[in-house]
Amino acid sequence: DNQIDDMGAVAVAQALADTSLRRVLLDRNKIGSLGVMALARNLHKAPQLTHLGLSGNPIDDLGAQTLANAIWDSPQCVLEWLGLAPHDLGELLKNKLPAEVVSANRKEAGNTEVLAHIVALHAPSADEAMATIMAELDYLTNRWVMHHSVKELRRELFGM
């Protein structure tokens, strides 16, 4: 609705790394494949981005496929909603997705089924997640013990 073209989308793509925006809605503009390819290239720089609206733009199949592949390949991607009509993310990634995910996906609902599947694939396994949590707990415990030991030592040596 704002007459944003490919150059405007390139500027938005470059700004993604420097913003905390969670929603970028660029529906019904003049963004073509060059603009969407720039967004795709910078998607990994916006791990906070949960909603991306690009429906109603003149994006050809190559641009849509480039964006779909970037979403698929980016472990940092946490998109929950993607407006890309008339393109369907499930169809664009059907060679990589289980058939039931493709058939359940509805582009008019923001491709949420496919995005949830991709985010789940990128999530660490339960063992990896537990190892990370345990390492953080060890660090915090050691820090607490060290802090309290130093305080006790100060008190003994200096009466502080």
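## Exercises on helix packing in a predicted model

**Exercise 1.** Work out what span the 13 residues of helix 3 should have, and compare that with the distance between its end C-alpha atoms.

*Solution.* The structure is a predicted model. Take 1.5 Å a residue; the expected span uses one less than the number of residues. For the 13 residues of helix 3 this gives 18 Å, and the end C-alpha atoms lie 18 Å apart, so the two agree.

**Exercise 2.** Find what lies at the start of helix 3, which of its residues are buried, and what they pack against.

*Solution.* Begin with Asp-60: one of its side-chain oxygens comes to within 3.2 Å of the backbone nitrogen of Leu-62. Next, look for burial: Gly-63, Ala-64, Leu-67, Ala-68, Ala-70, Ile-71 and Trp-72 are the buried residues of helix 3. Their packing partners are helix 2, strand 3 (81–83), helix 4 (89–92) and helix 6.

**Exercise 3.** Describe how helix 3 (residues 61–73) packs with helix 6 (residues 112–122).

*Solution.* The angle is about 35°, and the axes are 9 Å apart. Helix 3 contributes Ile-71, Trp-72 and Asp-73, while helix 6 brings Leu-115, Ile-118, Leu-121 and His-122. Sorted by class, this contact holds five nonpolar, one polar and one charged residues.

**Exercise 4.** Decide how helix 1 (residues 6–15) and helix 2 (residues 33–42) are oriented to each other.

*Solution.* These helices pack at about 5°, with axes 7 Å apart. Angles under 35 degrees count as roughly parallel, so helix 1 and helix 2 are roughly parallel to each other. Among the residues in contact are Ala-9 and Val-10 of helix 1 and Leu-34 and Ala-38 of helix 2. The contact has seven nonpolar, four polar and one charged residues.

Definitions and conventions: Residues are numbered from 1 along each chain as its sequence is written. This is a predicted model: local features need pLDDT of at least 70, side-chain atom pairs count only at pLDDT 80 or more; totals for chains, interfaces and linings use all residues. Side-chain values use heavy atoms; hydrogens and water are left out. Axes are lines fitted to C-alpha atoms, for helices over the stretch in contact, and angles run from 0 to 180 degrees between N-to-C directions. Helices (H or I, at least four residues) and strands (E, at least two) are DSSP runs, numbered from the N terminus. Contact means heavy atoms within 4.5 Å. Ala, Val, Leu, Ile, Met, Phe, Trp, Tyr, Cys and Pro count as nonpolar, Asp, Glu, Lys and Arg as charged, and the others, Gly among them, as polar. Angles under 35 degrees count as roughly parallel, over 145 as roughly antiparallel, 65 to 115 as roughly perpendicular and the rest as oblique. Buried means under 20% relative accessible area, exposed over 50%, partly exposed in between (1.4 Å probe, protein chains only). A polar contact is a pair of N or O atoms within 3.5 Å; within protein, one must be able to donate a hydrogen and the other to accept it, and residues adjacent in sequence count only if both atoms are side-chain atoms.
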